[in-house]
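Open the model in your viewer and keep the sequence panel beside it.

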Amino acid sequence: MEWFKIFTSTGMVRVRTDEIVYVKADGNYCELVLTNGSSQKMTFQLHCFEDSFQQLRNNTFVRVGRSLIVNKLYIYIINLTEQILILNGKSMKEQIILRGSDLPRNPRNIQLSRDSLKQLMNLLLTEKGDNDHE
């Protein structure tokens with residue numbers, strides 16, 4: 001277990017890395033979404049999270065397009081045709097469906113292009129050391 005700590009102007013947010021499902025950019029803010037369904041909005045841009053995640057001993061986070069970082073542990077389905085990324089896991093309260101921004105019914109306002117999803121899929125296919133049968 002590894003802890004992710006980020007310091008804000010009012011204090012600190014400390015959370016286990018395996019509880020972070022994704023981080024979504026929203027202008028100069030980011031929303032950190034956890035497995036229990038809660039979220040925390042912070043005044044950081046996405047690149048700050050990306051830099052912090054790279055400092056982790058076991059970095060399971062990957063950037064998907066311009067506005068999203070996901071925890072690879074929770075990637076369940078990548079659907080290129082429908083531009084959908086489904087995140088799920090046994091510690092999650094419920095599965096999360098992220099849709100491309102140009103599609104209807106996109107309440108999370110995530111920008112997912114086919115190209116970014118295809119890059120994600122290729123990254124997962126070529127990674128070494130994954131135990132695909134857990």
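A salt bridge here is a side-chain nitrogen of Lys or Arg within 4 Å of a carboxyl oxygen of Asp or Glu. By that rule the structure holds seven salt bridges. The model is predicted, so local features need pLDDT of at least 70 and side-chain atom pairs count only at pLDDT 80 or more, while totals for chains, interfaces and linings use all residues. Residues are numbered from 1 along each chain as its sequence is written, and side-chain values use heavy atoms, with hydrogens and water left out.

**Charged pairs**

Select R16 and D18 first. Their side chains form a salt bridge with an N to O distance of 2.7 Å. R16 is partly exposed at 26% relative accessible area, and D18 is also partly exposed, at 27%; buried means under 20%, exposed over 50%, and partly exposed in between, with a 1.4 Å probe and protein chains only.

Next select K41 and D26, whose side chains meet in a salt bridge at 3.2 Å, N to O. This pair links distant parts of the chain, 15 residues apart: K41 belongs to strand β5 (residues 39-42) and D26 to strand β3 (residues 20-26). Helices (H or I, at least four residues) and strands (E, at least two) are DSSP runs, numbered from the N terminus. D26 is partly exposed, with a relative accessible area of 35%.

Then go to R63 and E50, where the closest N and O atoms of the salt bridge are 2.9 Å apart. R63 lies in strand β6 (residues 61-63) and E50 in helix α1 (residues 46-54), so the pair joins distant parts of the chain, 13 residues apart. R63 is partly exposed at 32%, as is E50 at 24%. Elsewhere, salt bridges with shared partners join R16, D18 and E19 into one network.

**A three-stranded sheet**

Which order do the strands of the open three-stranded sheet follow? The order is β8-β9-β10, with antiparallel pairing; two strands pair if DSSP finds at least two bridges between them. β8 (75-79) and β10 (96-99) are the edge strands, each with a single partner, so one side of each has no neighbour in the sheet. Neighbouring strands are turned by 15 degrees against each other on average, direction ignored.

Zoom in on β9 (residues 84-87), which pairs with β10 over four bridges in the antiparallel sense. I84 stands opposite R99 in β10.

**Helix α2**

Helix α2 lies across β8 and β9 and runs at about 130 degrees to β8. Axes are lines fitted to C-alpha atoms, for helices over the stretch in contact, and angles run from 0 to 180 degrees between N-to-C directions; contact means heavy atoms within 4.5 Å.

Select S116, which sits in α2 (residues 114-126). S116 is buried, at 8% relative accessibility. Leaving aside residues up to four places away in sequence, S116 touches V64 and G65.

Q119 is also in helix α2. At 59% relative accessibility, Q119 is exposed. Its C-alpha lies 8.1 Å from that of V64, 55 residues away in sequence.

**The cysteines**

C30 is buried at 0% relative accessibility, whereas C48 is partly exposed at 26%. Over the whole structure the search finds zero disulfides.

How values were computed. Disulfide = S-S within 2.5 Å.
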